[in-house]
Amino acid sequence: VSVTQILGNVCHKSALMHTTIPVVHTIKSLTTGGTAVLGYIMYRQQTPSVAAILMMVGGVGSALLTSIQVEWVGVAFASVCVVADSFRALIGKSVLSPNPTQALIKVQLLSLAVFTPVALFYEYPSFAAQAASPAGLPFHSLALSVLGVASMELANFCFLTLTTPLSHSMLNSFRSLVLVASGAFFGAPITLRFLLGSTIAISGVALHSYKARAPTKTPAKDKAA
């Protein structure tokens, strides 16, 4: 779980460095489909509604994508992020089930232990140069960034303990729409295309929720037995 968490975060940031935010978040919406496929392969988990997944991915894509000009390096990083996040949702659910708090602490400590040497190796030169400059290191910005990431991961895992990996991945993809919509508070325009795509994605989430709650029909043979 720690490895997939680190891999997902690193690939997400790397993808954003090479291509646009809409492209990255559109590809990341495929995590829902990845979780469904891997869930069936690994645990034989059934998908409540394939149509709901298609509506979710299609809605996010139509809402966010304004151009098909992409950088393939960024697409590759985002694709690896999709696989990592899908594995993390599935494996994390089983790891967190017995004792969520204890498991979460272990995951975060392992992630810190594994990722810190890698981060220092790549980031130390730029950190050292910035620290030597008159402006110095932006400790407040760094602290807020760390707090934001830690809070997001905590909320992610806490939510995972309350629902299925597929529902978790679906609502996690829906977060992209919320991020874009929040830009309206800073003067970013909200287009008709975004509203239509968001409506399709929300309908997909609603359909998934309805199908997941619907009682499973018992085959006639089992009833007879």
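Helices (H or I, at least four residues) and strands (E, at least two) are DSSP runs, numbered from the N terminus. By this definition the chain has 10 helices and zero strands, and its elements run α-α-α-α-α-α-α-α-α-α from the N terminus on.

The model is predicted: local features need pLDDT of at least 70, side-chain atom pairs count only at pLDDT 80 or more, and totals for chains, interfaces and linings use all residues. Residues are numbered from 1 along each chain as its sequence is written, and side-chain values use heavy atoms, with hydrogens and water left out.

**Nonpolar cores**

Of the 225 residues of the chain, 33% count as buried, where buried means under 20% relative accessible area (1.4 Å probe, protein chains only). A nonpolar core is a set of buried Ala, Val, Leu, Ile, Met, Phe, Trp, Tyr and Cys residues joined through side-chain atoms within 4.5 Å. The largest such core has 14 residues, and Ile53, Met56, Val60, Met170 and Leu177 have the most contacts inside it. Helix 4 (50-64), helix 8 and helix 9 (192-213) each give two or more residues to this core; helix 4 provides the largest share, seven residues. Apart from this core lies another, of seven residues, including Ala15, Val23, Ile27 and Ala78.

Contact means heavy atoms within 4.5 Å. Leaving aside neighbours within four places in sequence, Met56 is in contact with Met170, Ser173, Phe174, Ala201, Gly204 and Val205.

**Pocket and cavity**

On a 1 Å grid over the protein atoms alone, a cavity is a set of points where a 1.4 Å probe fits but cannot get out, whereas a pocket is an open set with protein on both sides within 12 Å along at least five of seven lines; lining residues have an atom within 4 Å of a point. Grid points are joined across faces, edges and corners, and a volume is the space filled by probe spheres set on the points.

| Space | Volume |
|---|---|
| Second largest pocket | About 320 Å³ |
| Largest cavity | About 70 Å³ |

Of the 20 residues lining the second largest pocket, His12, His25, Met152, Arg175 and Leu179 are the closest to its centre. Helix 1 (2-18), helix 2 (21-28), helix 5 (72-96), helix 7 (139-160) and helix 8 (165-182) each supply at least two residues of this lining.

The structure holds three cavities of 30 Å³ or more. The lining of the largest cavity includes His25, Lys28, Asp85, Ser173 and Arg175. Helix 8 gives the largest share of that lining, five residues.

Terms used: Buried means under 20% relative accessible area, exposed over 50%, partly exposed in between (1.4 Å probe, protein chains only).
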